[in-house]
Amino acid sequence: MREVAVIGVGMNKWGEHWEKSLRHVFTEAAILALDDAGVEKIDSMIVGCMSSGLFVGQEHISSLLADYIGQVPVPAARVESACASGGLALRMGWIEVASGLSDVVLVGGVEKMTDVNGNEATYALGTAADQEYECYHGITFPGLYALMARAHMDKYGTTREQLAMVAVKNHANGSLNPLAQYPFKVSVEAVLSSVMVADPLRILDCSPITDGGAALILAPVELAKKLKKPIVRVTASGMATDTIALSSRREITWIESTHQAAKRAYAMAGKKPEDIHVVEVHDCFTIAEICVMEALGLVEKGKGGKAVEDGLTSLQGKIPINTSGGLKAKGHPVGATGVAQAIEIVKQLREEAGPRQVKGARVGMTQNMGGSGGSSIVHIFERS
Amino acid sequence: MEGIIGYGASIPRNRIKVEEIAKVWGADAPSYKKGLLVEEKSVPSPDQDTITMSVEASKCALKRAGINPKEIGAVYIGSESHPYAVKPSGTVLAEAIGATPEVHTADFEFACKAGTEGMFVAYGLVKAGLIKYGLGVGADTSQGAPGDALEYTAAAGAAAYIFGREKIVAAVLETYSYTTDTPDFWRREYQYYPQHGGRFTGDPAYFKHITGAARGIMSKAGMKPADFQYVIFHQPNGKFPLRVGEILGFAKKQIEPGWLVNKLGNTYSGSSPLGLTATLDISQPGDLILIVSYGSGAGSDGFILKVTDRINEVRDLAPKTRELLDKNRNYLEYGMYAKFRHKIRKAD
């Protein structure tokens, strides 16, 4: 296996881009990544996208997007693992470079979600849950995560305020990220008085509907060395699956797929949780960040809420989480999220994160998750 | 100089509160009230429709104008709830006020801006010298699907304006229209309730067109927000007109006299025209007023008006809009409301 580095990253401003199409938001990000890497031609392309079919009625987007970035006849594939599609794209691109099959691979993620109304978007997102055992009975994702939140509160004494503090922290970070969809701060009071979605989760506990793209360029480290830029290596890629139905899990407060993916990634990189300097996690709902922190081993089981309250995960904390603003403030164009997480870590390790820079960050990690944890993908990045 | 010589309003006395609608659908009333800044809305009685409200508002306008209705050369009603798909509303109105047969009549439809369209064309014909007087009415018994966000605001009301060249109450100093193809809200033929594009109805639709029209007309007239005593924007909910006013640099006190939506709801084609009747009711000679409508699809019409001394002579000749809004209200429960709005029908 060859060592793999990220040689370029690109992301556009995320938000409600009524005036842009799927190909438009993707192309913007991809061109930024190609420019950042200083390459014109790629050997292969992998795109993560959850549901272009339901959101914009377009499938076969691997070829479409390769065409629109001027790269045909390059081999291109679209991969899907619900909200972890972006993370899966990174993993598949990493495998392709590590195996020696390709040298320069563009890993992209995209989702154009605002061309449909709220009900249609809820339906499209709901396809990441178990249709027969969950959706047909009326539950949607806010409902599933609300069950997890209520159980976590009941089992570990996690408080409603602690959930709110996740959103407060991520919005504070997001206010420092000009590409974020909602780059403003919110208060605990604002979260607690926002519209109820699924008790106990309110609208400010939930990540938004977003249009956005993200792309990065992978290459063997030997090639990266010629570019005279800080070299950020992808030193581990761990993936694991779990039942996609929440009701089939042994514990609904524990995300086993994340735990398993992290275990593999830590082993591959030869790292422990305490070795990680900065982390991007999949905070599709505030409770998700708390459960994920625990499953990644960053805090003890059941102590996630307390850790957030104690400021452990803030920008100045011991283990800063979601310095980009997370899904909550940066936005969540589902297929692009996993790639954007990696971009944030690359920026942190290159010391290009501006006012949200974590000083001295040399090892970073991303965790991207499908559905309520039916799939998880963890990557570790190191600056050499 | 041409301008408004008479104006009148009509608001049904029936009301339904946001809480009453929310109760039926299991929705969170405080959230809706806070989100929409609407507390209640008007509801038409079974014997009220776009035509009857237009007649009532036009009769009030005639009282203020003090003219012979036979001299009205054009009668236009703008509405998206004309009672007939084929057969004009305007002919009934023209007959009812005694303007027939020597009169040009047309029905307008442009979502919520059809009222100001009727006003625009009536004014244009007067200005062109083709007719002596022109009547433009905005009226709606608007539809909101059961349980949809629109149901909390879709209301009923009408406002009528007679334009002429003498005895002017408010002179029209400038007009402006801003139109693009923007599909934010629509109702296809044979559909009973309209559909909307959710959040798309905000920035790219309402805000883009109103700010475009307001900036355009002020630039054309060489005026700025501080020059106006009052401003009226289309009121689909309470928040939008306040926010667009803030974006454009208007103060809340300039907006408030014509801001009726918290107690009235969205009267669609009647919305900004009713805001203007309420504003004229309290205006003084010399006041400058800006009105900007908005209709989905999408477009905005703007008028700059200057109130004359005659306002003091005509103001009390017909019921004032705030009185219609605040007095003699009859609160309905959802069942009666559902019957009145034909959401339920008695079996044959």
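Strand S12 (residues 288–292) of chain B pairs with S13(B) in the antiparallel sense over 5 bridges; two strands pair if DSSP finds at least two bridges between them. Helices (H or I, at least four residues) and strands (E, at least two) are DSSP runs, numbered from the N terminus. The model is predicted: local features need pLDDT of at least 70 and side-chain atom pairs count only at pLDDT 80 or more, while totals for chains, interfaces and linings use all residues. Residues are numbered from 1 along each chain as its sequence is written, and chains are lettered from A and ligands numbered from 1 in the order in which they are written.

Between S12(B) and S13(B) lie 4 residues, and the two strands form a hairpin. Strand S13 spans residues 297–307 of chain B, and 10 of its 11 residues are buried. A residue is buried if 20 or more other C-beta atoms lie within 10 Å of its own, exposed if 12 or fewer, and partly exposed in between, with C-beta atoms placed from the backbone. S13(B) is also joined to strand S8 (residues 170–182) of chain B, by 10 bridges in an antiparallel arrangement. B:Gly302 takes part in both pairings: it is the bridge partner of B:Val292 and of B:Tyr176.

Elsewhere in chain B, B:Lys239 is found in helix H7 (residues 239–248). B:Lys239 counts as partly exposed because it has 16 C-beta neighbours inside 10 Å. Not counting residues up to four places away in sequence, B:Lys239 touches B:Leu36 and B:Leu37; two residues are in contact if their C-beta atoms, placed from the backbone, lie within 7 Å.

The two chains meet through 7 residues of chain B and 6 residues of chain A. The chain B side of this contact has 2 nonpolar, 3 polar and 2 charged residues. Here Ala, Val, Leu, Ile, Met, Phe, Trp, Tyr, Cys and Pro count as nonpolar, Asp, Glu, Lys and Arg as charged, and the others, Gly among them, as polar.

Chain A is divided into domain 1 (4–117 + 210–227) and domain 2 (129–205 + 235–383), with bounds from an automatic or database domain assignment. Their centres, taken over C-alpha atoms, are separated by 23 Å. The contact takes 34 residues from domain 1 of chain A and 32 residues from domain 2 of chain A. On the domain 1 side, H4(A) gives the largest share, 8 residues. That side divides into 19 nonpolar, 11 polar and 4 charged residues.

Chain A also has an open sheet of 9 strands with mixed pairing, in the order S3-S2-S4-S7-S1-S8-S11-S10-S9. Strand S3 (76–79) and strand S9 (278–280) of chain A stand at the edges with a single partner strand each, so one side of each is left without a neighbour in the sheet. Within chain A, strand S10 (residues 363–370) and strand S11 (residues 375–383) run antiparallel and are joined by 8 bridges. In that pairing, A:Asn368 has A:Ile377 as its bridge partner.

H1(A) lies across S1, S4 and S7 of chain A, running at about 130 degrees to S1(A). Axes are lines fitted to C-alpha atoms, for helices over the stretch in contact, and angles run from 0 to 180 degrees between N-to-C directions. Of the 16 residues of H1(A), 13 are buried. Just after H1(A), A:Gly38 takes a positive phi of about 75 degrees.
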